[in-house]
Amino acid sequence: MQVRVGKSKFGLALGSGGLRGAAHIGVLKSLERHGLRPYCLSGSSAGAVIAALYSAGYTVPELVDLAIALDESKVFDPNVGWHTLLALAVDLVCRMLPVNCHCPLSLPMGLLKGTAWENYLARLLGKKQFSDLTIPTAILAVDVETGDSVAFAAEPLGKVDVTLTGGTVAQAVRASSAIPGVFQPLQLSGYMLVDGAVKASVPAHLVRDLGVDVVVAVDLGYAGQRDEAVDNIVEVISQSLNILGEELTKCQLNLDADLVIRPRIYDVSLRDFHRIPEIIDRGEKAMEAQIPNLLRLLGTIC
């Protein structure tokens with residue numbers, strides 16, 4: 001098949017989804033097969049991870065290898081001990097009493113410290129700044145104290161409350177992937193930063209802000225069905241955020257995305273590390289099915 005690419009250029013917005021974010025690698029694999037390379041990238045949470053690594057120069061095969069090698073040891077640094085459980089219990093009792101009561105014990109800001117994950121990202125990305133990336137990229141986080149959307153990018157962006165241009169790419173990814181209640185927020189430049197998905201699980205508006213004709217969004221969010229029960233705190237928090245954000249995401253993508261890719265990965269648990277090759281494959285198939293639509297949007301002739 002011969003393809004003549006028109007004058008249009010496209011950007012790729014990669015959504016949150018935890019382990020399911022490996023589907024983004026499959027999307028990139030499909031695009032490369034057809035000689036299609038995004039002009040720019042944006043990402044929230046898991047999408048921020050893939051966007052950052054790809055724009056930093058990691059190839060699709062290298063991303064596949066990194067994803068398959070991923071395990072709990074890369075992220076597991078518990079912030080919870082017996083004193084934390086006691087503090088939680090005392091705090092709950094205090095809240096239920098009909099009188100003013102203050103828990104004398106301090107509670108952590110996340111079940112995981114986030115240091116192990118941050119160190120892992122730093123090993124992969126070094127001290128790269130956004131100006132060092134080969135593809136213009138924006139990563140979204142949220143200041144949990146003010147509710148402001150905070151983007152990391154090489155240049156100021158207009159569709160967010162704050163743009164940080166001085167942080168490293170590794171810091172940006174760490175901030176964007178700080179699932180509330182799971183990872184401790186990242187304190188940086190006076191902001192207390194958490195998962196970008198709190199404001200936009202698929203930050204398509206950032207791609208539009210970077211200056212493209214066509215915005216392709218990859219949505220890994222709530223699909224309305226599961227094969228396995230929600231049976232642990234991480235799953236509860238993640239699934240709750242997905243459900244809460246479902247309607248908001250639909251509205252945002254109706255405004256900002258020209259093409260939405262939705263891989264069918266609703267039956268994948270956040271603990272299913274052994275299914276990463278399957279997740280990648282599903283992302284690839286979802287993108288393959290939409291290639292003709294993307295080519296039409298780009299003004300191509302086959």
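Tutor: Ser45 counts as buried, because its relative accessibility is 6%, under the 20% limit for that class. Please keep in mind that this is a predicted model.

Student: Where is Ser45 found?

Tutor: Ser45 sits in the loop that runs between strand S2 (40-44) and H2.

Student: And what is the phi of Ser45?

Tutor: The phi of Ser45 is near 55°, which is a positive value in a residue other than glycine.

Student: Let us turn to Ser189. Is Ser189 buried or exposed?

Tutor: Ser189 is exposed, because its relative accessible area is 56%, and the cut-off for that class is over 50%. Ser189 also has a positive phi, of about 55°, although it is not a glycine.

Student: Changing topic to the helices: at what angle do the axes of H2 and H6 cross?

Tutor: The axes of helix H2 (residues 46-55) and helix H6 (residues 169-176) cross at roughly 165° and come within 8 Å. The two helices are therefore roughly antiparallel to each other, as angles over 145 degrees are classed that way.

Student: Is the crossing of H2 and H6 left-handed or right-handed?

Tutor: The crossing of H2 and H6 is left-handed.

Student: Which residues meet there?

Tutor: From H2, Ala48, Val49 and Ala52 meet Val169, Val173 and Ser176 of H6. By class, this contact of H2 with H6 has 5 nonpolar residues, 1 polar residue and no charged residues.

Definitions and conventions:
Residues are numbered from 1 along each chain as its sequence is written. This is a predicted model: local features need pLDDT of at least 70, side-chain atom pairs count only at pLDDT 80 or more; totals for chains, interfaces and linings use all residues. Side-chain values use heavy atoms; hydrogens and water are left out. Axes are lines fitted to C-alpha atoms, for helices over the stretch in contact, and angles run from 0 to 180 degrees between N-to-C directions. Helices (H or I, at least four residues) and strands (E, at least two) are DSSP runs, numbered from the N terminus. Angles under 35 degrees count as roughly parallel, over 145 as roughly antiparallel, 65 to 115 as roughly perpendicular and the rest as oblique. A crossing is left-handed if the near helix is turned anticlockwise from the far one by less than a right angle, and right-handed if clockwise. Contact means heavy atoms within 4.5 Å. Ala, Val, Leu, Ile, Met, Phe, Trp, Tyr, Cys and Pro count as nonpolar, Asp, Glu, Lys and Arg as charged, and the others, Gly among them, as polar. Buried means under 20% relative accessible area, exposed over 50%, partly exposed in between (1.4 Å probe, protein chains only).
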